[in-house]
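Biologist: I have the model open. Walk me through the sheet, please.

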Amino acid sequence: MFDTLETTFSEMRRCVACNLKNGRTQVVLPSGARDSRVALIGHAPSGTDDATGIPYTGPAGEVLEELLFKVGLRRSNLYISNLVNCWPWKDAGGTLVNRPPVALEVKTCTALWLQREFALLQPKALVCLGGQAAQHFLGKNFKITESRGAWFDLPSTSPYAPLFDTLPKVMAVLQPAYLIHLQQHAPESYAPTLELLLGDLREVKRVLEDA
Ligand code: SF4
């Protein structure tokens, strides 16, 4: 059968390839424009995303949408996916809470799905939401505090490189949820960090308009 993002998503919905199949409500399918030149890539779905089936919902998603709106972008014009498509959770005294995915979960899910998504979508730019996603594409030495907001070439040695007709540019931005953390724990840093995020997203908008 001719491979499309739609057929990919319909197979992804039934995926049981890693341990994250246990306890999920549903696979959180990528969302947004199927022809976007820009792909936003996060680390993993949250518990809220697990309930809605949509990446970046709940408080983090609201912040992301507000930031995009402020710079004149809409999430419906962007493609949004994650390194893993099922909610990684742990039991914290009877309450299920988010945890980072382990390396094998990321390796399994990206090899099965994200690589296939990129081959079909052919994005010109990958925007990593947070340091973990950036390190996945740019290497473990990538430091988001030092290098956010700058465009990098996807390394030609990356396992993703053979998937692209033209290698995409890669940029990391701070996790939108970080703003929520700052509001609660370091309010003096909120405004300058908000400006950093908005500046980086304006650069994403420029690339989207030039593509
Ligand atoms: S996280 Fe990815 S590989 Fe694991 S079960 Fe979900 S869709 Fe499949």
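Biologist: Is strand 8 enclosed or open to the outside?

Modeller: This is a predicted model, where local features need pLDDT of at least 70, side-chain atom pairs count only at pLDDT 80 or more, and totals for chains, interfaces and linings use all residues. Residues are numbered from 1 along each chain as its sequence is written. Strands are DSSP runs of E, at least two residues, and helices runs of H or I, at least four, numbered from the N terminus. Four of the five residues of strand 8 are buried (20 or more other C-beta atoms, placed from the backbone, within 10 Å of the residue's own), so the strand is largely enclosed.

Biologist: Which residue of strand 8 is the bridge partner of Cys-128?

Modeller: Strand 6 (residues 125–129) and strand 8 (residues 169–173) run parallel, joined by five bridges. Strands pair if DSSP finds at least two bridges between them. For Cys-128, the partner in strand 8 is Ala-172.

Biologist: And which residue of strand 8 is the bridge partner of Asp-153?

Modeller: Strand 7 runs antiparallel to strand 8, with two bridges between them. The strand 8 partner of Asp-153 is Lys-169.

Biologist: Which strands stand at the edges?

Modeller: The sheet is open, with six strands in the order 1-3-2-6-8-7 and mixed pairing. Each edge strand has a single partner, so one side of each is left without a neighbour in the sheet. The edges are strand 1 (31–32) and strand 7 (152–153).

Conventions:
A residue is buried if 20 or more other C-beta atoms lie within 10 Å of its own, exposed if 12 or fewer, and partly exposed in between; C-beta atoms are placed from the backbone.
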